[in-house]
Amino acid sequence: MSLHSLLLEDNHKTQVEKVQQWVGDNAVRFTQLIEIVTGKDEHMARRAAWPMSYVAEAHPQLAIPHLPALIHLLRQPNIHNGITRNIVRLLQFIPIPESLHGDVMDRCFRYIEDLQEKPAIKAFALTVLHQLSQHYPEIVPEIKAIIADRLEYETPAFRVRAKIFFR
C-alpha cells in the first residue's frame, strides 16, 4: 500500500498507527512523509502531520535532518493549526540542534503569548520551552511572567504544563 492511499483512509488514530507502521524506522519513508507535510497540498499535509509526530516520537533520529524545513514551515503565514500542533508536538521528543534554538524559542514564545492560539499548541510549546530553558535558564523569568499573566484564562492543559516552571 502506498503512503498516499494510507493517508486518504479515515483520519483516525488507527490510520495514524498504520502510517506509523508503514514508516517504521525507515528514513526514506519518513522523508516521503515530511515531503507531504511540507508540500503544497494542505489537505494531504494535515493528514500527514499527525502520523509524522508519532513516528518522530518513536524514532526521533529520523526527524532531526528535517527540522530546518519544519521550523521554516512554522514561520509561514496561515499554516493550518493541525500542522503547527503536530510540528510543535514533535519538537518535544527531538534533540533540537543548537543552530535552531533561537527560531524554536521565538516560535514557542509567540504561541504561548497568543490569546487566539489553540490550547494544545500552547501546551506543547511550554514543554519545548522548558527543555530549552535547560540550556538557557535566563528565559525562565520571562516564561513565568507570561504564565502568571495568562494562567487564569488558560486551559487545564496549559496549567498542567505551566507547573513545571514553578517546581
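**Helix packing and salt bridges**

Tutor: In this predicted model, helix H8 (residues 101–113) and helix H9 (residues 119–133) pack at about 140 degrees with axes 9 Å apart. Helices are DSSP runs of H or I of at least four residues, numbered from the N terminus. Local features need pLDDT of at least 70, and side-chain atom pairs count only at pLDDT 80 or more.

Student: Why are H8 and H9 called oblique to each other?

Tutor: Angles under 35 degrees count as roughly parallel, over 145 as roughly antiparallel, 65 to 115 as roughly perpendicular, and the rest as oblique. The angle here is about 140 degrees, so H8 and H9 are oblique. Angles run from 0 to 180 degrees between N-to-C directions, with axes fitted to C-alpha atoms over the stretch in contact.

Student: What makes the Arg-89 and Glu-57 pair a salt bridge?

Tutor: The term requires a side-chain nitrogen of Lys or Arg within 4 Å of a carboxyl oxygen of Asp or Glu. For Arg-89 and Glu-57 the N to O value is 2.7 Å. Arg-89 lies in helix H7 (residues 81–91) and Glu-57 in helix H4 (residues 42–58), 32 residues apart.

Student: How do you know whether Arg-89 is buried or exposed?

Tutor: Buried means under 20% relative accessible area, exposed over 50%, partly exposed in between (1.4 Å probe, protein chains only). Arg-89 has 10%, so Arg-89 counts as buried. Glu-57 has 35% and therefore counts as partly exposed.

Student: What makes Arg-110 and Asp-106 a salt bridge?

Tutor: Their closest N and O atoms are 3.0 Å apart. Both residues lie in helix H8, 4 residues apart, about one turn of the helix.

Conventions. Residues are numbered from 1 along each chain as its sequence is written. Side-chain values use heavy atoms; hydrogens and water are left out. Helices (H or I, at least four residues) and strands (E, at least two) are DSSP runs, numbered from the N terminus.
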